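Please read the following account alongside the sequence and the model. The text moves from strand pairing to the helices and then to the domains.

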Amino acid sequence: MADSACDDAVEQLAALLDQVEAPLKKTFENVHQGYPTETLVRFLKAREWHVNKAQKMLVDSLNWRIQNEIDSILEKPIIPVDLYRSIRDTQLVGLSGYSKEGIPVFAVGVGLSTYDKASVNYYVQSHIQINEYRDRFILPTVTKKYGKPITTCIKVLDMTGLKLSALNQMKIVTAISTVDDLNYPEKTEMYYIVNAPYIFSACWKVVKPLLQERTRKKVHVLRGCGKDELLKIMDYSSLPHFCRWEGSGASKHSSNDPDDCFSLDHPFHKELYNFIQEQALNLELIKQGSLHVKIPEQDPEDAKIVEVIEAEFHKLGVEKKSANGVDKD
């Protein structure tokens with residue numbers, strides 16, 4: 001798409017957004033953090049530069065934020081701390097560092113996240129809190145440090161331990177990815193897949209053709225733990241712990257290891273948890289119970305991809321049974 005056409009689309013979307021009610025404009029400020037144009041571009045990219053579709057997506061997202069009180073989600077700690085620790089131990093995600101260009105690097109333990117120590121609501125709440133802290137604090141901090149807008153992140157996805165039983169977590173994973181796709185679009189600049197077992201390769205083969213070209217271009221499946229490739233874009237200190245040596249997948253996850261960026265003892269999670277606690281204390285808001293965030297309706301194309309993944313998992317399960325107990329995981 002020509003630059004002039006992109007500029008026109010951004011102007012049109014900005015003009016449409018000018019017409020929305022004051023509460024939507026207010027929550028949009030929390031979304032754009034001083035960079036409205038970059039934010040409009042993200043929503044336009046997510047809708048292939050169709051202005052009306054991007055406007056609907058953005059307005060729906062702003063309404064979702066208001067209806068679910070997303071602007072105040074960083075004032076709602078998950079307590080007691082033992083419950084939060086068990087969420088961190090079963091929803092493996094963390095900030096491992098930054099790329100050489102200052103882009104935050106988030107690590108995700110896809111294969112070993114079990115999501116089995118709390119309700120779906122708690123996992124969704126925790127996920128959104130990480131998103132909001134990233135967008136309202138981490139990205140503005142690095143933007144200031146580097147003197148240029150940094151509005152996206154890099155994700156390193158560890159597939160260690162991925163098994164057919166991952167189908168059991170499909171519902172919660174789908175809920176979280178739907179929240180991201182519809183409300184935090186185009187926030188990930190690049191996905192790096194590491195420690196990929198056979199089951200991932202089989203699924204990737206059937207899913208890849210279904211993805212939009214712009215999404216396909218973002219996904220890089222690296223050999224082994226991906227260390228050599230990742231060191232081209234980040235320093236060793238920013239490498240996720242599961243990329244530091246072959247065989248160092250998330251199976252080495254220890255909730256008490258401060259180098260483990262999934263752990264509550266890691267500086268990022270400590271900082272985030274303490275920040276939310278302080279906000280709540282200042283407002284005298286601390287109370288137990290999860291926040292019930294409404295999951296938006298999934299995009300039909302994404303629903304199709306989930307169906308394909310489920311079908312492939314079932315197929316692999318049948319193959320595994322008929323292979324006389326040979327485990328291809």
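G109 has D158 in β3 as its bridge partner. The model is predicted: local features need pLDDT of at least 70, side-chain atom pairs count only at pLDDT 80 or more, and totals for chains, interfaces and linings use all residues. Residues are numbered from 1 along each chain as its sequence is written, and side-chain values use heavy atoms, with hydrogens and water left out.

Strand β2 covers residues 104-109 and strand β3 covers residues 153-158; helices (H or I, at least four residues) and strands (E, at least two) are DSSP runs, numbered from the N terminus. The two strands run parallel and are joined by 5 bridges, where pairing requires that DSSP finds at least two bridges between two strands. Another position in this pairing is V105, which stands opposite I154 in β3. Between β2 and β3 the chain passes through helix α6 (residues 120-146), and this β-α-β crossover is right-handed. The term applies if, with the strands pointing away from the viewer, the path from the first strand over the helix to the second runs clockwise.

β3 also pairs with strand β4 (residues 188-194), in parallel and through 6 bridges. Here K155 stands opposite Y191 in β4.

L95 stands opposite F106 in β2. β1 and β2 form a hairpin with 5 residues between them, and G102 in the turn has a positive phi of about 90°.

How are the two faces of these strands covered? In a regular strand the side chains alternate between the two faces of the sheet. In β3, 6 of 6 residues are buried, a word that stands for under 20% relative accessible area, with exposed over 50% and partly exposed in between (1.4 Å probe, protein chains only). C153, K155 and L157 lie on one side of β3, with I154, V156 and D158 on the other, and all are buried. β2 is likewise mostly covered, with 6 of its 6 residues buried. P104, F106 and V108 point one way from β2, while V105, A107 and G109 point the other way.

I154 is a residue of β3, and it counts as buried because its relative accessibility is 5%. Leaving aside neighbours within four places in sequence, I154 is in contact (heavy atoms within 4.5 Å) with S99, I103, P104, V105, F106, M190, Y192 and I233. I172 is 18 residues from I154 along the chain, and 22 Å separate their C-alpha atoms.

Helix α6 holds R134. Is this arginine buried or exposed? R134 counts as buried because its relative accessibility is 4%. With neighbours within four places in sequence left aside, its contacts are F106, L139, P140, C153, Y184 and K187.

Helix α3 (residues 36-46) also has buried residues, namely T39, L40, R42, F43, L44 and A46. Their cover includes α1 (3-17), α2 (22-32), α4 (51-67), α7 (170-183) and α9 (213-216). After α3 comes E48, with a positive phi near 50°.

At the level of domains, the assignment gives domain 1 (1-68) and domain 2 (77-246 + 255-282); such bounds come from an automatic or database domain assignment. Their centres, taken over C-alpha atoms, are 25 Å apart. Domain 1 puts 14 residues into the contact and domain 2 puts in 18 residues. About 1400 Å² is buried between them, and carbon and sulfur atoms give 55% of that area. Buried area here is the accessible area (1.4 Å probe) that two parts lose on being put together, summed over both.

The UniProt record, in an unreviewed entry, lists residues 80-240 as "domain: CRAL-TRIO"; its positions are given in the numbering used here, feature names are shortened, and annotations may be inferred rather than shown by experiment. Over residues 80-240 the chain is 43% helix and 17% strand, with the end C-alpha atoms 28 Å apart.
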